[in-house]
Amino acid sequence: MSTKHEQILRYIESLAVGEKISVRQVAKALEVSDGTAYRAIKEAENQKLVNTIERVGTIRIEKKKKENIERLTFAEVINIVDGVVLGGRDGLHKTLTKFVIGAMQLDDMIRYIDAGSLLIVGNRLKAHEIAIKAGAAVLVTGGFDATDEVKQLADEMNLPVISTSYDTFTVATMLNRAIYDQLIEKEILLVEDILTPIAQTVTLSPEDSVDQFFEVNHQTSHSAYPVVESNGKLVGILTSRDVVSKPNVDIIRKVMTPNPITVSGKVSVASAGHSMIWEGIDLMPVVSDAGILEGIISRQDVLKALQMTQRQPQQGETIDDIIKNQMKAIPNEPENIEFSVVPQMTNQFGSLSYGAMLTILNEAGSRAIRIQKKGESVPENITIYFIKQVQLGATVKVEPKLLHLSRRFIKLEIELFSNGSIVAKAMGMFQLFDK
């Protein structure tokens with residue numbers, strides 16, 4: 001049986017796009033407390049099902065698909081620019097296709113305004129009217145107002161007219177940044193993007209016998225199956241190791257592994273893969289917050305997904321990307337690298353930041369292990385026990401040295417040099433894993 005929280009989320013998802021909702025309305029409709037309704041609405045906001053706007057309220061918005069994530073809704077624009085809705089409130093759920101800066105003659109401006117676009121302009125009243133009639137929303141900068149005629153027209157056409165106190169250049173920069181952030185988010189592959197859904201997942205009941213495991217194993221050749229109760233809740237996992245030497249008549253509940261390691265669909269594939277490697281498991285159930293099985297992922301799914309993302313063109317650089325792009329191999333010293341300290345790698349004092357240093361140590365250690373052992377690794381811990389200030393523009397050489405090697409772990413000492421002097425020393429423990 002689903003929880004009240006899940007029932008509220010399904011209720012919100014069933015609402016028409018653009019419909020306003022409130023805590024009191026949800027509490028009354030589903031006969032729950034205001035606190036339960038409030039928590040569910042906040043979760044719906046995290047899932048991008050609704051958007052809350054100051055002085056407007058909470059409205060149901062269209063959940064964006066991955067391929068369309070670089071587009072913003074007008075409701076999101078309001079939050080980004082601290083805007084106020086002047087008209088067209090019922091169109092806030094709509095998605096803008098592009099934004100146009102109205103810094104040109106009116107006749108020239110018309111050529112760039114399309115339906116679904118957003119015109120960013122100051123107190124040019126005629127431009128406001130032309131944009132609305134062309135099917136575009138309007139963002140009025142400088143804190144200016146719009147005419148009553150434009151507001152009425154915006155209400156009739158469900159096209160928002162928004163006012164913000166920021167200037168045009170600042171607004172354009174803020175929107176560009178928001179789209180850029182979403183491009184980076186687009187590249188982060190989540191477990192929900194690659195999972196095998198519950199409808200296609202072979203599961204077992206805790207009341208089944210071991211003989212049932214061998215039947216489905218013969219049909220599918222899989223080596224592990226989630227064990228779920230009749231209400232869909234995951235209670236365990238049964239692997240080929242669990243049934244070795246067990247009588248076929250034994251009940252699965254007695255031989256399964258209870259409380260298995262699970263993952264949420266909102267976790268990144270990279271993080272899930274790290275857990276699977278760390279725990280030495282080949283299959284991981286994907287569950288909801290209430291413990292309901294939503295599907296499974298296998299180690300092969302993770303590896304294929306990561307290989308696919310490596311072949312995709314980069315659309316937005318993270319800080320880690322910027323740092324890694326600075327690293328260059330040193331000729332005749334294949335295990336060593338060097339880099340220059342750029343502004344993105346510095347702290348408030350203009351020197352190499354601690355976070356950038358950790359990224360460099362992680363990458364340098366993993367690279368050295370790949371060269372020496374031709375294998376992949378993940379850092380278990382990295383300890384910096386000596387560090388000096390490294391200023392902006394400095395060139396730094398990184399020298400990893402292997403100290404100890406075991407079947408699953410490698411211990412490295414990593415030293416950083418600038419102008420011939422040592423500027424940092426660290427010790428790192430990396431775990432090896434097979435591809």
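**A buried histidine, a strand pairing and a surface patch**

His93 has a relative accessibility of 18% and therefore counts as buried, the limit for that class being under 20% relative accessible area. The model in which this residue is described is a predicted one. His93 belongs to the loop that lies between β4 (84–87) and β5 (99–101). Its side chain reaches the backbone oxygen of Asp90 at a distance of 3.2 Å. When neighbours within four places in sequence are set aside, the residues in contact with His93 are Val17, Gly18, Ile59, Arg60, Ile61 and Thr73.

Attention now turns to strand β18. This strand comprises residues 395–405 and pairs with strand β16, residues 333–340, in the antiparallel sense, with four bridges between the two. Within this pairing, Thr395 of β18 is the bridge partner of Ser340. Strand β18 is also joined to strand β19 (residues 409–418), again in an antiparallel arrangement, through nine bridges. Three residues separate β18 from β19, and the two strands form a hairpin.

Tyr354, Leu358 and Ile387 make a nonpolar patch of about 260 Å². Of these residues, Ile387 is located in strand β17, which spans residues 376–387. The relative accessible area of Ile387 is 40%, so this residue is classed as partly exposed, a class that lies between the limits of 20% for buried and 50% for exposed.

How values were computed. Residues are numbered from 1 along each chain as its sequence is written. This is a predicted model: local features need pLDDT of at least 70, side-chain atom pairs count only at pLDDT 80 or more; totals for chains, interfaces and linings use all residues. Side-chain values use heavy atoms; hydrogens and water are left out. Two strands pair if DSSP finds at least two bridges between them. Buried means under 20% relative accessible area, exposed over 50%, partly exposed in between (1.4 Å probe, protein chains only). A polar contact is a pair of N or O atoms within 3.5 Å; within protein, one must be able to donate a hydrogen and the other to accept it, and residues adjacent in sequence count only if both atoms are side-chain atoms. Contact means heavy atoms within 4.5 Å. Patches are made of residues with over 30% relative accessible area and no salt bridge: like charges are joined within 9 Å, nonpolar side chains (Val, Leu, Ile, Met, Phe, Trp, Tyr) within 5 Å. Accessible areas come from the Shrake-Rupley method with a 1.4 Å probe; for residues, only the protein chains shown count as cover. A salt bridge is a side-chain nitrogen of Lys or Arg within 4 Å of a carboxyl oxygen of Asp or Glu.
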